[in-house]
Amino acid sequence: MAPALRLCALALALLPAALAAQDLPGDCGQYTNRSCEECLKNVTCLWCASSKRCTEYPVRRILPPADLCELRSARWGVCWVNFEALIIAMSVVGGTLLIMLGVCCCCCCCKKKSKKPDKDDERAAREREKRRVRQEERRAEMKSRHDEIRRKYGLFKEENPYAKFEN
């Protein structure tokens with residue numbers, strides 16, 4: 001029980017320090033005309049390099065509107081990447097990933113089709129071959145039985161009168 005109380009006391013002691021370290025959302029304006037690094041220490045702030053303004057990031061929109069800051073001047077998170085480059089880079093990376101995914105799917109499907117037959121296919125082929133052999137044996141047996149019956153009753157003719165003449 002004592003370690004749990006110590007943990008709670010430590011959390012309560014660090015809570016005010018954590019709240020003080022985190023800037024409030026409305027504090028972004030105080031970093032205007034300072035540096036990008038100072039502005040972007042607060043994750044809710046957006047730095048506009050062209051006007052050197054630090055404003056609150058419009059969280060309801062994915063991209064900042066043009067009247068707030070142009071995409072090539074807008075910085076968020078890090079100072080060395082603007083939104084225009086971020087959009088282009090993410091599009092290229094996303095497109096590359098989609099193409100790679102499509103190629104992998106095609107390769108897997110083609111590989112699966114061209115793969116040697118699996119055990120079920122082999123077993124089915126063996127069973128088909130056995131059935132065919134048994135059917136041929138039965139057919140030959142029936143033919144021999146019918147020939148015996150024809151010989152017994154004198155219906156069997158050795159030569160077929162309708163056979164083609166061969167030279």
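Q: Which residue forms a salt bridge with Arg 139, and how far apart are the closest N and O atoms?
A: Side chains of opposite charge can pair when their charged atoms come close. A salt bridge here is a side-chain nitrogen of Lys or Arg within 4 Å of a carboxyl oxygen of Asp or Glu. Arg 139 forms one with Glu 136, with 3.3 Å between the closest N and O atoms. This is a predicted model, where local features need pLDDT of at least 70 and side-chain atom pairs count only at pLDDT 80 or more, while totals for chains, interfaces and linings use all residues. Residues are numbered from 1 along each chain as its sequence is written, and side-chain values use heavy atoms, leaving out hydrogens and water.

Q: Where do Arg 139 and Glu 136 lie in helix α4?
A: Helices are DSSP runs of H or I with at least four residues, strands are runs of E with at least two, and both are numbered from the N terminus. Arg 139 and Glu 136 are 3 residues apart in helix α4, so about one helical turn separates them. In helix α4, Arg 123 and Asp 120 are also 3 residues apart, about one turn, and their side chains meet in a salt bridge at 2.7 Å, N to O.

Q: How many salt bridges are there by this rule?
A: The count comes to 9. One of them joins the side chains of Arg 72 and Glu 70, at 3.6 Å from N to O.

Q: Is Asn 42 buried or exposed?
A: Relative accessible area under 20% means buried, over 50% exposed, and in between partly exposed (1.4 Å probe, protein chains only). Asn 42 has 5% relative accessibility, so this residue counts as buried. Asn 42 is in the loop between α2 (36-39) and β1 (45-48).

Q: What does the side chain of Asn 42 make a polar contact with?
A: A polar contact is a pair of N or O atoms within 3.5 Å; within protein, one must be able to donate a hydrogen and the other to accept it, and residues adjacent in sequence count only if both atoms are side-chain atoms. The side chain of Asn 42 makes such a contact with the side chain of Thr 44, at 2.9 Å.

Q: Which value of phi does Asn 33 have?
A: Most residues other than glycine have a negative phi. Asn 33 is not a glycine, yet its phi is positive, about 65 degrees. Asn 33 sits in the loop between α1 (2-21) and α2 and is exposed, with a relative accessible area of 61%. Lys 52 likewise has a positive phi, near 55 degrees, and is placed in the loop between β1 and β2 (53-56).
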